[in-house]
Amino acid sequence: MTTRTAAERRAEAAVAYDAFVAQCPSRELLARISDKWVALVLAALRTDGSHRFGADCAGTPRPMRYSELSRLLAGVSQKMLTQTLRTLERDGLVSRTATATVPVTVTYELTDLGFSLHETMRALKTWAETHLDDVHAHRAAYDARHPAPAARPA
């Protein structure tokens with residue numbers, strides 16, 4: 001029996017990753033990156049900090065301050081944005097840089113690993129914006145064919 005290093009065992013296991021298998025550890029990562037705020041943060045880390053309604057996330061990725069991200073991601077709470085950024089940093093998708101200024105300047109930037117997801121997340125965001133009316137039309141048609149059961153009196 002040959003002895004294998006931990007890196008060799010991980011490499012062998014990685015070949016066997018299949019998210020369709022219930023016990024596959026890749027499901028945890030898939031659940032993480034499919035989170036709404038994760039997808040939007042990864043799409044938001046871009047060059048052009050100004051965003052107009054209906055505009056694409058134009059530009060190349062660049063570091064952004066927490067306040068820039070907070071303004072861009074309308075509706076995200078401070079707690080949720082902080083948790084999302086910490087999770088992305090832990091997973092190696094985002095790096096956090098603190099600069100000693102008064103007050104401290106903190107920026108977030110995509111890592112190489114995060115950048116490998118950036119275009120996919122931008123495309124997903126664009127797809128959702130482009131096809132929302134179609135999805136709403138299909139929902140309305142489905143709901144018309146399958147009316148909700150009447151509520152029972154209390």
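**Salt bridges and a nonpolar core**

Search the whole structure and you'll find four salt bridges, each one a side-chain nitrogen of Lys or Arg within 4 Å of a carboxyl oxygen of Asp or Glu. Keep in mind that this is a predicted model, where local features need pLDDT of at least 70, side-chain atom pairs count only at pLDDT 80 or more, and totals for chains, interfaces and linings use all residues. Residues are numbered from 1 along each chain as its sequence is written, and side-chain values use heavy atoms, leaving out hydrogens and water.

R122 and E119 sit three residues apart in α6, about one turn, and their side chains form a salt bridge at 3.7 Å, N to O. R122 is buried at 10% relative accessible area, while E119 is partly exposed at 46%; buried means under 20%, exposed over 50%, and partly exposed in between (1.4 Å probe, protein chains only). E129 and K125 also pair up, at 2.7 Å from N to O.

Now for the core: a set of buried Ala, Val, Leu, Ile, Met, Phe, Trp, Tyr and Cys residues joined through side-chain atoms within 4.5 Å. The largest one has 23 residues, and L42 and L69 touch the most other members. Two or more residues come from each of α3, α5, β3 and α6, with α3 giving the largest share, seven. Beyond its neighbours within four places in sequence, L69 is in contact (heavy atoms within 4.5 Å) with A44, L45, M64, L81, L85 and Y108.

Notes: Helix = DSSP H or I, 4+ residues; strand = E, 2+ residues; numbered from the N terminus.
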